[in-house]
Amino acid sequence: MPEPEIPDEYLGNYAHILADVAATGRRLTRDELDTRRLLGREAAEAGFQLRALVGLHLAATRTAWPHAVCADAVSTDSVLAAVEQAVDAFAAGFERAQRLTVRREEAARREFIDDLLYGRSDLGRLAERATRFGLRLSRAHAVAVATGREAYTETDSVPRSVEAALLTRFSGRKILITTKDGRLVCIAPGSQPDVLRYFAKQSHAATDGGRVAVGRPHPGPGGVVQSYDEALEALDLAERMDLDDPVLYAADLLVYPVLTRDRQAMADLVRSELGPLQQARGGAEPLLKTLTVYFDAGCVSAETARRLSLSVRALTYRLERIHQLTGSDPSDPVHRYTLQTAVIGARLLGWPAKEL
């Protein structure tokens with residue numbers, strides 16, 4: 001499409017200045033420079049391109065040149081110096097206006113993201129503002145959150161590289177990438193799980209092995225908050241449970257919030273089922289770790305022994321000791337479920353490091 005025609009008003013008295021400079025050899029005055037900066041700012045706010053505006057000045061210079069008294073080299077040099085001053089001041093005003101606009105846009109974007117992820121502001125108004133940033137909150141969205149070895153801001157190289165990779169791969173998709181509380185955040189339509197999978201892959205690599213959690217898709221403005229909270233809860237859960245997976249999906253971890261919904265009941269189960277382990281030499285921690293690895297290995301003794309760097313005989317002794325102390329046999333399917341639930345509860349509640 002052709003660029004819009006720029007009105008001559010953005011030139012001001014440019015031709016008159018050139019003619020006066022050619023006649024007197026003077027430099028531009030402070031007021032003239034201030035006027036040029038003001039015109040540059042107004043042109044930027046009107047949405048014109050700097051390249052086209054510089055071209056307008058050069059064309060005006062060619063038009064005004066025959067009317068200027070430039071018979072000698074001194075006058076020619078003065079006019080060229082005035083052109084340089086005028087265009088430089090105009091460009092300075094233009095660039096300053098653009099920087100202010102960028103700052104306002106960044107502030108508006110940050111305010112929108114805060115309102116979106118914290119569930120603040122009127123939901124209807126939030127949905128209207130979302131269209132400005134490429135989101136249609138009437139549809140379902142999912143949120144992925146990535147953590148790394150350090151806290152990140154939007155100006156850091158890691159978020160920029162991840163964003164560039166996604167925008168290159170998914171050009172035209174309605175995606176919002178940002179940072180929040182030092183973490184990378186990606187909001188994408190719930191119908192496009194490939195976006196969040198790719199975000200997880202790129203973030204894991206860019207953050208040098210960081211962890212990513214993906215919330216479930218939920219509809220509406222409130223759905224973004226819900227998905228974001230699920231992703232944060234998954235990250236917290238992975239920390240408490242010492243999960244090794246680099247990518248966590250909230251949909252796969254729903255059993256854990258269910259288990260801790262009645263915290264007091266879970267604490268009672270842990271104390272009742274695992275409390276006797278504290279009587280063992282060295283406390284409960286070694287035997288609790290043995291149970292954790294045993295259940296993670298699918299109750300296969302050889303694999304458990306390998307992971308714990310023990311002999312199968314030593315592992316058998318530990319399992320028998322657990323049976324003696326708790327009255328529950330880890331190898332018995334009847335007892336196994338209760339013991340495993342108690343072990344999961346202990347990890348969720350931080351026992352025995354934390355008193356229940």
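## Threonine 292

Threonine 292 is buried, with a relative accessible area of 13% (buried means under 20%, exposed over 50% and partly exposed in between, using a 1.4 Å probe and protein chains only). The residue sits in helix 11, residues 285-296. Helices are DSSP runs of H or I with at least four residues, strands are E runs of at least two, and both are numbered from the N terminus. Leaving aside residues up to four places away in sequence, Threonine 292 touches Val343 and Arg347, where contact means heavy atoms within 4.5 Å.

The model is predicted: local features need pLDDT of at least 70 and side-chain atom pairs count only at pLDDT 80 or more, while totals for chains, interfaces and linings use all residues. Residues are numbered from 1 along each chain as its sequence is written, and side-chain values use heavy atoms, with hydrogens and water left out.

## Largest pocket

Thr292 is also one of the residues nearest the centre of the largest pocket, together with Met241, Asp242, Asp296 and Arg347. The lining has 29 residues, and the pocket holds about 720 Å³ of space. A pocket is an open set of points on a 1 Å grid over the protein atoms alone, where a 1.4 Å probe fits, with protein on both sides within 12 Å along at least five of seven lines; lining residues have an atom within 4 Å of a point. Volume is the space filled by probe spheres set on the points, which are joined across faces, edges and corners.

Two or more lining residues come from each of helix 8 (221-241), strand 6 (247-249), helix 11 and helix 14 (333-349). Helix 11 gives the largest share, 7 residues. By class, the lining has 16 nonpolar, 3 polar and 10 charged residues (Ala, Val, Leu, Ile, Met, Phe, Trp, Tyr, Cys and Pro count as nonpolar, Asp, Glu, Lys and Arg as charged, and the others, Gly among them, as polar).

## Second largest pocket

The second largest pocket has a volume of about 270 Å³ and is lined by 15 residues. Glu230, Glu233, Ala234, Leu253 and Pro257 lie nearest its centre. Helix 8 and helix 9 (255-259) each supply at least two lining residues, with the largest share, 6 residues, from helix 8. The lining divides into 8 nonpolar, 1 polar and 6 charged residues.

## Helices 6 and 7

Val158, Ser161, Val162, Ala165, Leu166 and Arg169 of helix 6 meet Val195, Tyr198, Phe199, Gln202, Ser203 and Ala206 of helix 7. Of the residues in this contact, 8 are nonpolar, 3 polar and 1 charged.
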